[in-house]
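Student: I've never looked at this one before. Could you walk me through it?

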Amino acid sequence: MEEGKAYIESGILELYVLGELTTQEQREVEAMAAKYPEIKKEISAIELAMENYALENAITPSAELERIILEKITPKGKETPVAPTTALLASQQSGVLPIHQAGYESKIRTLKFALAACAALLLITGIALYSAHTELDTAKNQIIALNQDKQRFATTVNYLEGTNKELQTIADMPADPDWKIVRLAGTEMDPEAKMTVYWHTSGRHVMLDNTKMGLPKNDDAHQYQLWALVKGKPVDLGVFDVNADSSHILLKMKEIAGADAFAVTLEKRGGSAAPTMDQMIAKGGV
Amino acid sequence: MTTNNKISLTEEQLVLALKAQDTNAMKALYDMYSASLFGVISRIVVHTEVAEDILQETFLKIWNSAGTYDVSKGRLFTWMMNIARNLAIDKLRSKDFKNASKNQDIENNVDFVDAQKETTFNADVIGLKDMVTALKPEFTNVLDMVYFKGYTHVEAAEELDLPLGTVKTRIRMAIMELRKHFN
């Protein structure tokens with residue numbers, strides 16, 4: 001009796017009920033309980049207290065849990081569980097059916113739809129992007145082509161404006177008595193040669209008419225040089241080339257205030273200080 | 001199935017039916033004890049979904065191990081509660097659960113758990129009911145650490161920096177007080 005009381009007061013029975021003892025210690029308590037009815041009674045009292053304590057602090061689990069658990073229960077040997085679906089296999093191996101299975105499935109289904117929608121959207125976006133890209137390329141090429149056209153037109157317009165101005169100058173010449181039109185004729189060097197020089201006596205302008213140019217084409221090593229004869233002395237009026245693709249009608253030369261005659265010699269490229277007399281190809285008096 | 005009617009049986013009837021693998025016994029068992037067991041599990045493992053998984057595991061184990069329950073060794077609830085506590089504590093200490101809980105040490109889990117309660121549950125539901133008792137809180141605290149928070153009494157002694165004997169005494173005092181309270 002004294003042994004039993006001391007045993008009770010040691011606190012081991014509480015630990016027994018709380019599952020805190022080793023298997024060895026549990027057996028010892030169970031042996032003592034079998035031996036001393038007051039120990040057994042004490043254990044029951046502790047158990048009841050703990051049971052009530054748990055009841056007082058109970059929390060009701062979610063309502064669906066009962067159904068899930070009861071569905072999982074099958075009497076041993078009476079029936080074998082139906083073959084589990086693959087999705088449930090892993091959880092059933094550990095003996096637990098995930099409670100939120102249904103929730104996960106619907107979530108997964110939603111996510112699948114979302115994924116499919118995303119993929120479709122991505123595809124559409126890709127196609128739209130590709131198409132936009134192609135169209136952009138076309139547009140770019142068109143812009144480049146239009147720019148080139150525009151530049152060509154601008155060049156043409158510039159050219160036309162320039163030539164128009166020059167033609168206007170020529171057209172105005174007869175009305176201005178100061179403009180002298182000097183026709184140069186070929187010499188012994190080339191009797192066929194001929195050209196026209198416009199000279200404005202008061203404005204001192206000297207211009208050559210490309211359209212009336214009758215000189216043979218010069219090569220790269222040589223250029224024609226225009227001279228003014230002032231009181232018998234040649235004055236350099238600059239060099240010029242004769243070629244087919246000149247964009248100007250009028251060639252502006254150096255200015256001169258007075259001249260008796262004009263002459264052209266073929267000189268080395270860049271011109272000479274004094275005319276090479278045997279290379280004089282054309283001359284004409286004012 | 002009469003899901004809306006709570007079944008209540010005496011413990012003897014229940015044990016017999018359970019051992020006979022009567023599914024009605026499980027229904028009764030669930031109706032009578034699920035909330036009590038869930039209260040214990042929920043305070044050890046605070047995540048509701050995990051706690052419900054453990055409750056499910058607990059009932060399956062009760063069902064499958066009914067044959068091993070020995071009436072002479074104690075009350076049915078004590079047996080069931082220890083199954084639930086062991087499963088919950090195993091889960092709490094399992095590697096994946098610790099990782100999920102951001103590697104909280106078991107010692108620190110109490111604070112972590114306490115912090116979690118506020119968000120996971122209504123504080124009125126989760127908080128332990130204040131006992132109408134003359135006992136100082138440090139006595140009930142030791143019991144609550146072991147009963148509701150998954151500590152072993154050895155760990156509780158280490159955590160509180162108390163001799164093992166003192167912890168045992170306090171647990172006994174607290175349970176004595178509970179017995180008075182419920183009588």
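Here is a short chat about the two chains, one question at a time.

Tutor: Two bits of housekeeping. Residues are numbered from 1 along each chain as its sequence is written, while chains are lettered from A and ligands numbered from 1 in the order in which they are written. This is a predicted model, where local features need pLDDT of at least 70, side-chain atom pairs count only at pLDDT 80 or more, and totals for chains, interfaces and linings use all residues.

Student: How many helices and strands are there in chain B?

Tutor: Helices (H or I, at least four residues) and strands (E, at least two) are DSSP runs, numbered from the N terminus. Read along its sequence, chain B goes α-α-α-α-α-α-α-α-α-α. The count for chain B is 10 helices and zero strands.

Student: Which element gives the most to the side of chain B that touches chain A?

Tutor: Two residues are in contact if their C-beta atoms, placed from the backbone, lie within 7 Å. By that rule, 45 residues of chain B are in contact with 42 residues of chain A. The elements of chain B giving two or more residues to this side are α2 (23-44), α3 (48-64), α4 (76-93), α8 (137-148) and α10 (164-182). The one that gives the most, with 11 residues, is α2(B).

Student: What share of the residues of chain B count as buried?

Tutor: A residue is buried if 20 or more other C-beta atoms lie within 10 Å of its own, exposed if 12 or fewer, and partly exposed in between, with C-beta atoms placed from the backbone. Chain B has 183 residues, and the buried share is 40%.

Student: What do the buried residues of α3(B) pack against?

Tutor: α3(B) is mostly covered, with 12 of its 17 residues buried. Among them are B:Ala51, B:Phe59 and B:Trp63. They pack against α2 and α4 of chain B together with, from chain A, α5 (64-72).

Student: Is A:Ile46 buried or exposed?

Tutor: A:Ile46 lies in helix α4 (residues 37-56) of chain A. Not counting residues up to four places away in sequence, A:Ile46 touches A:Leu13, A:Glu14, A:Val17 and B:Ile175. With 25 other C-beta atoms within 10 Å, A:Ile46 is buried.

Student: How far apart are the end C-alpha atoms of residues 113-132 of chain A?

Tutor: UniProt, in an unreviewed entry, lists residues 113-132 of chain A as "transmembrane region". Its positions are given in the numbering used here, feature names are shortened, and annotations may be inferred rather than shown by experiment. In the model, residues 113-132 of chain A are 100% helix and 0% strand, and the distance between the end C-alpha atoms is 28 Å.
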